[in-house]
Amino acid sequence: MAGQPLIYRGQGFSLRRDKNRFVLPNLFRGTVRESSNGQTLCLAKHESWNCLVGYGLSRVAQFEDIIEQEREFAMKAGQPFDRDMKAMTLYNYHEIPFDGSGRFVLPEDLATLAEVDDQLYFQGAGQYFFVFAPAALAAMTEPQFKGAQVSCASLASAELKKAGKK
């Protein structure tokens, strides 16, 4: 329905494959395509967690509103707000092409920042989704991560078995 926000939900998993490519899971691929009017995935380092944040290009149009909302919230709470730092954080994303099967190459700097080796776990989060290296997700100690950790382990086991690696 027009005007409705694009929502990322569910989970997915990808192993690094030939030509150093990962696969954007089906659950996310159509929404990214719709959000980007094509095949462009946006990925950025999460502001405070050891993971990446993914979305389509339409989210970029919301960045100035997000900055203004956070500035207003900080003012009302009597907290400092650094507009330049927030803008640098939001606009520091990569536009990554993916093919019709969802295959994409993760830029080396993002892989380094999120400690990615050869596996990715995708977790829907509404207007965006998170992309974790399984080891980084497993290291998260907050109890709220337990569901994602269990899903990641289950999906990883299934994918590794399918690939004949376990």
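The crossing of helices α2 and α3 is right-handed, a term used when the near helix is turned clockwise from the far one by less than a right angle. Helices here are DSSP runs of H or I with at least four residues, strands are runs of E with at least two, and both are numbered from the N terminus.

Before I go on, this is a predicted model, where local features need pLDDT of at least 70, side-chain atom pairs count only at pLDDT 80 or more, and totals for chains, interfaces and linings use all residues. Residues are numbered from 1 along each chain as its sequence is written, and side-chain values use heavy atoms, with hydrogens and water left out.

Back to the helices. α2 covers residues 63-76 and α3 residues 83-91; they pack at about 145°, with axes 10 Å apart. Axes are lines fitted to C-alpha atoms, for helices over the stretch in contact, and angles run from 0 to 180 degrees between N-to-C directions. From α2, Phe63, Glu64, Ile66, Ile67 and Glu70 meet Arg83, Lys86, Ala87, Leu90 and Tyr91 of α3, contact meaning heavy atoms within 4.5 Å.

Next, the sheet. It is open, with 6 strands in the order β1-β7-β8-β4-β3-β5 and antiparallel pairing; two strands pair if DSSP finds at least two bridges between them. At the edges are β1 (11-15) and β5 (94-97), each pairing on one side only. β1 pairs with β7 (residues 119-124) over 5 bridges, and Leu15 has Gln119 as its bridge partner in β7.

Arg21 sits in strand β2 (residues 21-23).
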